[in-house]
Amino acid sequence: MPRTPKENERIRQLAKENIMNAAMELFITQGYHATSISSIAKHAGISKGLLYNYFKGKEELLATMVNKRVKEMVDVMEQARSLKAPAEQLKHIIVGAIDNVYQNPKVFRFYLHLQTQPKADQELIKYSRFLIEENAKQFEFQCEIFEELGVANARKRSLYFSSTLQGIMLMISTYPQQFPIEEIKEQIVGEFCG
């Protein structure tokens, strides 16, 4: 029995996810520039030709991965926006960010590294800027939350909040097994949402 278009699309998406997961593993261990399309295909268990059926090349693969990451960030913000109380919005952001990093510390470090690319790296700097621009949008949303909470200097409080959360995320990504996740979540939620 032939497959339906819906089934074909599901299979296509699974194959793309497999390729992106393989690429992420290699980008993390070898670096973007040192990773070849051939090594990605081999790691994904497919031929190089089949990989090219899904992605034109390594840069398109990275672009797809970055777009997916940004979509995940936007989804968290949209979910937070849907909550009525500003304190609940902040709590959603905190829990989502900490849980995501705890579950995927190497992925967090990869995207953090990507954000800090030197301007001379013409291939990667556009993705760095894209991630930074998205983080700036999130910062503005957080400022709005602190304004709704009635904080005197909402921008400074949001900056302190972002710095604290990013620092926690960096520590988790560096020492995931040695970090008291639940206690830290309670502490940051208590400080900023209480």
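Predicted model: local features only at pLDDT ≥ 70, side-chain atom pairs only at ≥ 80, totals over all residues.
## Helix α2

Helix α2 spans residues 37-44, and its buried residues are Ile37, Ile40, Ala41 and Ala44. These four residues lie on the same side of α2, because they cover an arc of only 100° around the axis.

What do the buried residues of α2 pack against? Their partners are three other helices: α1 (5-30), α3 (48-54) and α4 (58-82). Just after α2 comes Gly45, which takes a positive phi of about 75°.

| Largest pocket | about 620 Å³ | 26 residues | Met73, Asn135, Gln138, Gln166, Met169 | α8, 7 residues |

The largest pocket has a volume of about 620 Å³. Helices α4, α5, α6 (105-115), α7 and α8 (154-174) each give two or more residues to its lining. Among these, α8 gives the most, with 7 residues. Sorted by class, the lining of the largest pocket holds 15 nonpolar, 9 polar and 2 charged residues.

Two or more residues of its lining come from each of α1, α4 and α6. Which classes of residue make up the lining of the second largest pocket? The lining divides into 6 nonpolar, 3 polar and 6 charged residues.

Helix α4 takes part in several of these arrangements. The buried residues of α2 pack against α4, and α4 also gives two or more residues to the lining of the largest pocket and to that of the second largest pocket.

## The cysteines

How many disulfides does a search of the whole structure find? The search finds 0 disulfides. For Cys143, the nearest cysteine sulfur is that of Cys193, 15 Å away, and Cys143 is in no disulfide. A disulfide is a covalent bond between the sulfur atoms of two cysteines. The cut-off used here is 2.5 Å between the two sulfur atoms. The sulfur of Cys193 is therefore too far from that of Cys143 for a bond, at 15 Å.

Are Cys143 and Cys193 buried or exposed? Cys143 counts as buried because its relative accessible area is 2%, under the cut-off of 20%. Cys193 is buried as well, with a relative accessible area of 18%.

Gln142 belongs to helix α7 (residues 122-148). This residue is buried, with a relative accessible area of 6%. Neighbours within four places in sequence aside, Gln142 is in contact with Met77, Ile93, Ser158, Phe161 and Ser162.

Asp99 sits in helix α5 (residues 86-103). Its relative accessibility is 24%, so Asp99 counts as partly exposed. How far apart are the C-alpha atoms of Asp99 and Glu182? They are separated by 9.6 Å, although the two residues are 83 residues apart along the chain.

Methods:
Residues numbered from 1 in each chain as written. Heavy atoms only, no water. Buried < 20%, exposed > 50% of the residue type's maximum accessible area, 1.4 Å probe, protein only. Contact = heavy atoms within 4.5 Å. Arc of directions from axis to C-beta. 1 Å grid on protein atoms, 1.4 Å probe; cavity = no way out; pocket = protein on both sides within 12 Å on 5 of 7 lines; lining within 4 Å. Points joined across faces, edges and corners; volume = space filled by probe spheres on them. Nonpolar A, V, L, I, M, F, W, Y, C, P; charged D, E, K, R; others polar.
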